[in-house]
Amino acid sequence: MIEVKRKEKKIAGVSAMESSIDQAKLISRLEKPTGKVDVVIDTDTYNEIDDQFALAYLIKSDDKLNLKAIYAAPFSNHKSSGPADGMEKSYQEIMNVLTLMEREDLKEIVFRGSESYMPSETEPVLSDAAKDLANRAMQYTQEQPLYVIAIGAITNVSSAILLEPEIKNRIVLIWLGGHALHWPHTREFNMYQDVAGARIVFGCGVPLVQLPCKGVVSAFTTSGPELEYHLRGKNKLCDYLIDVTTREAMKAYGGSTWTRPIWDVTAVAWLLEGDFMEDCLIHSPIPEYDDRYALDNTRHFIRYVYYIKRDNLFADLFRKLAK
């Protein structure tokens, strides 16, 4: 069961932020947009193969999404020596994906991100990505915001908000991070790497769409035979995605039978026109440093995705990637 806490003593600034949030305006900004919109994506692309799927899916959804910038996010695991190395490997992998897609034109809008995680909830990590987002978002308005798709640790985005707090009124953030509210903990890769950054985006009043991993997006899985059937031989990118996915899955799961979540695609899909998921409004939970959510029904609202229509979304993904 989720550990529920009532916050008698809130984090610095949260009470003031809550009192200044216009709930009606916030809810209206959390409606799915119609027509074509400007987006940026923040991705730890070298960490797992799902980022490459998501980036390619976004680029191939240009009838709806106008890609303005790509940010490399930090990560730390067995594939990197630390957040700086993870960010640099992600930057290089973004370039690799663009080469495979023959989209050399997009390489000029790729920015290196943070080399460390947030040292506190009041100190930004300076990077080209954070500075670009802080500056770029100021060109937008509440009525016509910039949509920020984040599929890694949230350091670049939270740093941009601290650098220029006004951007929370000019962006809408779609973040794949944390686990479902009913999950027994929040120790999810994107969230636990930078809990301070997560607390900033859940607490500052930025319009936030959360796609939780375990318990929700974990249903968005595919298998080797399915990938082979739909994507093999379609283009260089598709063959690369199959080969890396199979190699990662065999190493992680072993044996000849496996399915693997392609988590990050869902964050892109929230912005697209299609019957891909169900969501609702909830009071913003508070990510705690002990890997639990604290709940407070006086908090502002976020949009919370609670169900993925797996077959519908994979059909659209495969169709676009195979083009």
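Me: If Asp, Glu, Lys and Arg count as charged, how many charged residues does the lining of the largest pocket have in this predicted model?

Reply: By that class definition the lining has 14 charged residues, alongside 13 nonpolar and six polar ones. Among the residues closest to the centre of this pocket are E248 and R260, and as Glu and Arg they therefore belong to the charged class.

Me: Which element gives the largest share of that lining?

Reply: That element is α10, with eight residues, while α3 (49–59), α7 (189–192) and β8 (259–261) are also among the elements that give two or more residues. The pocket holds about 790 Å³ of space.

Me: How far apart are L231 and F318 in sequence and in space?

Reply: They are 87 residues apart in sequence, yet their C-alpha atoms are 6.9 Å apart in space.

Me: What makes helix α5 largely enclosed by the rest of the structure?

Reply: Seven of the ten residues of α5 (residues 128–137) are buried, so the helix is called largely enclosed. The buried residues are A129, A130, D132, L133, A134, R136 and A137, and what covers them includes the strands β1 (37–43), β2 (65–72) and β4 (146–150), as well as helix α6 (155–163).

Technical notes
Residues are numbered from 1 along each chain as its sequence is written. This is a predicted model: local features need pLDDT of at least 70, side-chain atom pairs count only at pLDDT 80 or more; totals for chains, interfaces and linings use all residues. Side-chain values use heavy atoms; hydrogens and water are left out. Buried means under 20% relative accessible area, exposed over 50%, partly exposed in between (1.4 Å probe, protein chains only). Helices (H or I, at least four residues) and strands (E, at least two) are DSSP runs, numbered from the N terminus. Contact means heavy atoms within 4.5 Å. On a 1 Å grid over the protein atoms alone, a cavity is a set of points where a 1.4 Å probe fits but cannot get out, and a pocket is an open set with protein on both sides within 12 Å along at least five of seven lines; lining residues have an atom within 4 Å of a point. Grid points are joined across faces, edges and corners, and a volume is the space filled by probe spheres set on the points.
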